[in-house]
Amino acid sequence: MDRTEEQTKFRFVVFSSIVVIAMINYIDRGAISYAAADITAEYNLDRAAWGAVLGYFGYGYMFGALIGGALGDRFGAKLVWLIAGVAWSVFEIATAYAGDFGVAALGGSALAGFAVVRVLFGFSEGPAYSIINKTVGNWATPRERGFAVSIGLLSTPLGALLTAPMSVGLLLLTGSWRAMFWILGITGLVALLAFMRIFTNRPEENPRVSAAELAEIRRGTSASDASSTSTGWQDSDVPWWLFFTSRTMVFNTIGYFAFIYVNFMLLTWTPKYLQDQFHFNLASLWYLGMIPWTGPCLTVLLGGRFSDWLLKRTGNLRIARSWIAALTLLLTTLVFLGVSQATSPAAVIALMTLGNSLNALVNTVYWTVVIDTAPREHLGTWSGFMHFFANIGSVLAPTLAGILASTYGYQAMFIATAVATGIGMAAMLLVSPGVLPVRRGAVPR
């Protein structure tokens with residue numbers, strides 16, 4: 001049988017490769033948390049200042065997500081992957097000298113040096129998840145979108161899980177926190193070059209995709225197509241600014257903000273919290289830091305599968321996406337309130353793991369709602385809009401946690417996390433996936 005007639009599954013090679021690249025992206029951003037003791041001691045930074053260092057990343061990350069999504073629509077995902085990947089690897093290496101740069105060139109302020117480098121590093125990493133969604137929109141079949149998104153998003157908990165042993169291992173092996181950043185940056189560049197050899201913007205451009213697989217990918221009509229038609233819009237004339245008048249997109253973004261808040265609070269503060277509160281040493285953190293991320297590695301995949309299964313069984317996008325997200329966020333809220341009251345390290349770590357697992361269960365929902373609703377021409381841009389506004393949480397979580405921990409103790413930062421997920425729960429009840437605002441003058445059907 002001719003190769004073009006055989007059924008291939010190359011799209012899953014693409015999805016798996018994205019996991020690796022995005023996982024490296026996540027390890028790079030989280031590694032600094034495990035160098036907290038060394039960096040804060042060397043530059044004499046207190047909890048509030050360290051919270052600011054961790055929060056600077058989010059300022060750049062927000063704008064990188066916004067611009068990266070729009071550039072992906074304009075120039076294709078491959079070019080954005082290449083530029084962003086090279087840049088974040090370079091700035092990962094530059095983090096090793098951020099404090100010295102501030103002392104030498106920015107009025108003697110190590111904090112200012114970290115601000116410059118971390119903002120630029122965040123900006124470089126920002127496009128990744130918007131481009132993942134753009135890639136999934138181009139490569140996944142309509143019936144497997146939830147699962148395909150979950151494969152890409154597996155990089156979040158998997159990267160966070162591996163951050164602990166990778167970072168602690170490199171710190172202990174080299175004895176230098178600066179060497180850790182060098183090794184991670186070079187690893188990212190090598191992996192990116194390998195990814196560029198096999199990736200194309202669309203399956204039609206890739207010789208490894210058979211005609212049968214391409215037909216399977218393009219078979220069926222998306223929920224967004226049906227929604228556009230029923231509300232008077234056609235994909236080709238939906239304006240980019242419709243995102244801001246869409247109740248679904250706005251409240252879905254608030255829901256995703258809750259996910260980001262939990263994620264960045266745990267990613268940035270867990271190592272220092274465990275060191276300060278329970279006096280664990282660096283050698284213990286390589287495995288303790290992994291535990292809260294073990295459950296999410298499973299639940300992020302289950303969430304995508306479960307959402308797709310609910311859609312198949314009910315035919316109702318709202319049940320399959322928004323309702324399941326709201327219920328899960330309610331449970332997440334209760335768990336983090338429990339964390340704030342726990343006193344033993346075993347109870348704290350167990351509850352953190354449960355809360356993080358629930359949070360990850362519906363990570364796929366937020367991104368899949370965008371694919372369900374956005375026209376293909378604006379998928380990257382709308383993903384970028386969601387990522388931009390939701391990533392206020394990437395700044396707010398570590399910064400507010402530092403202020404609360406300094407002022408009221410660590411208990412307060414977990415209560416704030418519960419408040420964030422409670423807001424997200426309320427928002428997701430107002431999300432109607434696949435529904436665009438009715439076009440003026442159109443008669444809804």
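Student: Why is His 279 called exposed?

Tutor: His 279 has a relative accessible area of 67%. Exposed means over 50%, buried under 20%, and partly exposed in between (1.4 Å probe, protein chains only), so 67% puts His 279 in the exposed class. One caveat: this is a predicted model, where local features need pLDDT of at least 70 and side-chain atom pairs count only at 80 or more, while totals for chains, interfaces and linings use all residues. Residues are numbered from 1 along each chain as its sequence is written, and side-chain values use heavy atoms, leaving out hydrogens and water.

Student: Where does His 279 lie?

Tutor: In the loop between α13 and α14 (282-288); helices here are DSSP runs of H or I, at least four residues, numbered from the N terminus. His 279 isn't a glycine, yet has a positive phi of about 60°.

Student: What makes Asn 44 exposed?

Tutor: A relative accessible area of 70%, so Asn 44 is over the cut-off too. Asn 44 is in the loop between α2 (36-43) and α3 (47-75). Asn 44 also has a positive phi, about 55°, without being a glycine.

Student: And Asn 206, buried or exposed?

Tutor: Buried: the relative accessible area of Asn 206 is 4%, so it falls under the cut-off for that class. Asn 206 belongs to the loop between α10 and α11 (211-218). Beyond its neighbours within four places in sequence, Asn 206 is in contact (heavy atoms within 4.5 Å) with Phe 10, Trp 139, Ile 198, Phe 199 and Thr 200. From the C-alpha of Asn 206 to that of Leu 45, 161 residues away along the chain, the separation is 50 Å.

Student: Which residues does Arg 178 touch?

Tutor: Setting aside residues up to four places away in sequence, Arg 178 touches Glu 42, Tyr 43, Ala 96, Tyr 97 and Asp 100. Arg 178 sits in helix α10 (residues 177-196).

Student: How do the axes of α1 and α4 cross?

Tutor: The axes of α1 (residues 10-30) and α4 (residues 77-94) come within 11 Å and cross at roughly 30°. On the α1 side the contact is made by Ile 18, Ile 21, Asn 25 and Asp 28, and on the α4 side by Trp 81, Trp 88 and Glu 92. By class that is 4 nonpolar, 1 polar and 2 charged residues.

Student: What makes α13 roughly antiparallel to α21?

Tutor: Their axes cross at roughly 165° and come within 8 Å. That angle is over the 145 degree limit, so α13 is roughly antiparallel to α21. Their contact divides into 17 nonpolar, 6 polar and 2 charged residues.

Student: Which residues touch the most other members of the largest nonpolar core?

Tutor: Ile 39, Trp 50, Trp 81, Tyr 129, Tyr 273 and Trp 382, out of 129 residues. A core is a set of buried Ala, Val, Leu, Ile, Met, Phe, Trp, Tyr and Cys residues joined through side-chain atoms within 4.5 Å. Helix α13 (residues 247-278) gives the largest share of this core, 16 residues. As for Trp 382, its contacts beyond four places in sequence include Val 238, Trp 240, Phe 243, Met 249 and Leu 436.

Technical notes
Axes fitted to C-alpha atoms, helices over the stretch in contact; angles between N-to-C directions. Helix = DSSP H or I, 4+ residues; strand = E, 2+ residues; numbered from the N terminus. Nonpolar A, V, L, I, M, F, W, Y, C, P; charged D, E, K, R; others polar. Parallel < 35°, antiparallel > 145°, perpendicular 65-115°, else oblique.
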